[in-house]
Amino acid sequence: MFGLHRVSSWRVTTLIFGLLPGLVLPLIEEEKKATFLTANVGESVVFNCPLDFPHDIAIPYILYWNKDSKSILSWHEGVMETWSADFKQRIGFLAPDAPFGKGSINLTSIRESDAGWYECKVFFPNRSPSTRLNGTWFHLTVNGGDLLGIPPINQTVLEGETAEFACVTKDSAESVTWHKDGLPITELADLSQRAEVTPSGSLTIRTHMDDVGRYTCHVASATGDTQEASAYLNVQYKAKIVYSPPEKFFPYGRPAILDCHFRANPPLTKLRWEKDGFLFDPFNVQGVFFRKNGSLYFSKVDESHGGDYVCTPFNDLGTEGPSPPIHVMVQRPPVFTLQPQNLYLRKVGDSLEMPCDALDGDGSHRPSILWYKKDGSPLPPNRSYLTGGNLTIAAVEEADRGLYQCVASNEAATITAEAELLIENSPARAPYNLSASSTLTTISLKWIPGHSKPQMEYSVWYRRLDAPEWKTLKIARGASQVTVHNLAPGRDYELMVLSQDQRGDGMFSKIIRYKTNDPESSFEGSTSKGMNQPLESFQQISAPRNLRVHLDVEGYLVSWEPPELGANSLKVYTVSWYEDGRETEIIKADTTENSFIVKDLKEERTYHFRVTALSDNAYEASSEMYTIHIPDYQRARVINIGVVVGLLIMFGAVAALWYVRNVYRRTNHKQAHFDDS
């Protein structure tokens with residue numbers, strides 16, 4: 001009995017262990033939590049699937065997406081295959097930088113038939129076993145299909161091909177209208193000639209490159225119910241020239257730009273310039289650079305830059321050919337031979353003559369000369385006369401005060417000379433041309449004075465848009481700009497400037513409305529251009545490299561290496577930093593060196609640094625952020641002192657023990673000698 005019982009127990013135990021995987025695995029599968037998603041017909045939805053690699057190390061894998069236990073999509077070694085015709089052109093992977101898992105997909109133009117269970121599953125062909133318990137489950141519920149049965153799906157076609165957008169209704173009595181980017185197609189004259197709506201409600205278009213956009217079908221029932229769905233049309237074509245001027249004048253000794261006017265979809269990959277029939281490579285020509293849009297930038301024009309230029313754009317589809325030749329002629333800009341005075345003071349009723357004359361730089365002929373009032377108002381009619389280049393104003397009136405410009409121009413360049421007319425015994429005139437810039441808590445305001453009296457003063461009036469009362473800020477005499485501090489982040493403000501002289505208050509400027517920066521985007525978003533991204537085609541400056549911060553004798557030394565691209569066009573570096581948790585208090589400083597000393601950083605705090613390189617052509621690129629924690633040096637000094645004191649006490653104790661031991665030994669030695677004697 002005992003032996004039989006032992007054999008039976010062994011069999012039962014073996015049976016239990018044999019069945020255990022089959023019992024446990026279904027339980028594990030049952031316990032997996034699904035993600036429940038809901039979408040309307042015509043919308044899109046993202047299935048977020050993070051991939052689970054063995055030991056978190058990426059190895060070769062095959063990704064499958066299943067719907068209701070049937071495969072609809074697979075991916076292996078960069079090749080995606082859609083197994084179900086119902087999902088073609090509607091399902092795809094997300095961009096690599098999207099904030100979703102590596103196996104995530106986007107399903108667009110959702111239909112009622114898309115409802116059901118979806119599973120993301122990964123296989124490892126070079127590993128045994130090839131599968132792991134890493135399936136991710138989703139359940140999609142589709143709502144709102146009362147009128148629309150099949151919505152349109154995104155289309156990508158070549159120019160000249162026909163694009164077809166389906167819009168199948170559930171009832172033939174329902175009406176269908178189409179819009180492009182929010183406008184009815186019937187109101188777009190060119191598109192309406194190439195578009196046709198079929199009796200079933202679908203839209204067909206004989207495509208042109210300008211047809212790119214979002215198309216929406218609106219379905220309406222007889223009872224007034226409506227439903228709509230949208231899809232995007234992408235029209236691709238070879239890179240092509242859209243405009244090319246037959247000739248272009250360059251000013252000698254000054255900067256100039258030669259543009260190549262092209263369009264390309266897919267985006268431009270290469271742009272080739274030729275000069276006088278030979279390849280023109282700006283990287284091998286001193287003082288000539290590629291701009292980001294493919295244009296040629298000449299930092300200082302000379303006679304060698306003249307000639308016939310041809311540009312040819314390329315994209316992944318190729319090119320439709322080069323531009324017609326652009327004949328570049330180098331011409332000397334005008335030079336003033338006679339200029340008006342800077343300031344004229346007249347009384348009402350007086351007459352005024354302001355002289356002005358110019359010649360071309362080579363002295364060949366006289367450029368055109370015109371006079372304007374700088375504020376844009378016309379010259380006084382019937383009282384102003386132009387003789388040669390001289391302007392005469394008869395019977396001066398109060399309204400004639402202001403800045404005047406003499407403008408001399410030829411085909412190459414335009415030069416200006418300014419003169420100001422002041423009227424005696426007149427009140428202070430209002431400032432004009434107000435402009436502003438902002439940070440999180442400040443707004444910097446600039447303006448042009450109404451006139452430049454020596455005793456002119458200004459005060460700034462400002463208030464938050466939702467505040468009833470104005471605040472004032474007095475400005476130093478002669479200043480034409482000011483920064484208003486202690487403002488609330490992300491709020492709209494109204495500002496105006498009051499002019500004052502020795503007679504008292506003058507006139508207010510026009511009100512300017514401006515908003516302080518939002519805290520969420522002030523630091524991270526302000527310098528995002530070029531940050532952690534590969535260099536774009538024709539980018540003129542790259543980001544500073546190897547940013548580092550370390551303690552120096554004078555403070556904390558922020559150092560970096562210059563950009564790899566465009567260092568010769570660098571204008572200035574901007575060093576930005578802020579304390580962790582105080583993102584709204586960003587500190588900035590400009591320098592032309594490759595290092596900067598920052599003082600007064602607080603101990604036991606964390607700081608974030610970034611350096612932005614700005615080029616002469618206003619392009620900028622920012623380094624990666626560098627974070628440093630400032631230790632508590634005072635605590636470290638106290639600890640060091642404590643350690644030193646402890647060591648001294650220990651050494652003292654050891655010395656005392658050694659001394660007591662020696663005294664004890666000597667005493668014992670003397671006592672033994674005394675006993676022997």
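Is C120 buried or exposed? Select C120 to find out. C120 is buried, with a relative accessible area of 1%. Buried means under 20% relative accessible area, exposed means over 50%, and partly exposed lies in between, using a 1.4 Å probe and protein chains only.

Before going on, note that this is a predicted model, in which local features need pLDDT of at least 70, side-chain atom pairs count only at pLDDT 80 or more, and totals for chains, interfaces and linings use all residues. Residues are numbered from 1 along each chain as its sequence is written, and side-chain values use heavy atoms, with hydrogens and water left out.

**Stop 1: the C49–C120 disulfide**

The term disulfide stands for a pair of cysteine sulfur atoms within 2.5 Å. Look along the S-S bond: the angle is -75°, and the link of C49 and C120 is left-handed. C49 sits in the loop between β2 (45–47) and β3 (62–67), while C120 is in strand β8 (residues 116–123), so the pair ties together parts that are 71 residues apart in sequence. Strands here are DSSP runs of E with at least two residues, numbered from the N terminus. C49 is buried too, with a relative accessible area of 1%.

**Stop 2: the sheet around β8**

Now select β3 and β8. They run antiparallel and are joined by 6 bridges. Two strands pair if DSSP finds at least two bridges between them.

**Stop 3: the nonpolar core**

Select F47, W65, L107, Y118, L140, W178 and Y215. These have the most contacts inside the largest nonpolar core, which has 45 residues. Strand β19 (residues 226–243) gives the most to this core, with 4 residues. A nonpolar core is a set of buried Ala, Val, Leu, Ile, Met, Phe, Trp, Tyr and Cys residues joined through side-chain atoms within 4.5 Å. In soluble globular proteins, nonpolar side chains tend to be buried together.

Zoom in on L140. Leaving aside neighbours within four places in sequence, L140 is in contact with several residues, including L37, V45, F47, L107, I110 and Y118. Contact means heavy atoms within 4.5 Å.

**Stop 4: the C167–C217 disulfide**

Select C167 and C217. A disulfide joins them, and the S to S distance is 2.4 Å. With 75° about the S-S bond, this link is right-handed. C167 lies in the loop between β12 (162–165) and β13 (168–169) and C217 in strand β18 (residues 213–220), so the pair ties together parts that are 50 residues apart in sequence. C167 counts as buried, at 0% relative accessibility. C217 counts as buried at 0% as well.

**Stop 5: the C260–C311 disulfide**

Move on to C260 and C311. Their disulfide spans 2.1 Å from S to S. The torsion about the S-S bond is about 75°, so the disulfide is right-handed. C260 is in the loop between β21 and β22 (261–265), and C311 is in strand β27 (residues 307–314), 51 residues apart. Both cysteines are buried.

How many disulfides are there by this rule? The count comes to 4. With the bonded cysteines numbered in sequence order, the pairing is 1-2, 3-4, 5-6, 7-8.

**Stop 6: a sheet of 3 strands**

Select β21, β26 and β25. These 3 strands form an open sheet in the order β21-β26-β25, with antiparallel pairing. β21 (256–258) and β25 (288–290) stand at the edges with a single partner strand each, so one side of each is left without a neighbour in the sheet. Neighbouring strands are turned by 25° against each other on average, direction ignored. β21 and β26 (residues 296–298) pair over 3 bridges. Pick A256: its bridge partner in β26 is F298.

**Last stop: F508**

Select F508 in strand β44 (residues 504–508). F508 counts as partly exposed, at 35% relative accessibility. Not counting residues up to four places away in sequence, F508 touches A430, W461, M496, V497 and L498.

Notes
Axes fitted to C-alpha atoms, helices over the stretch in contact; angles between N-to-C directions.
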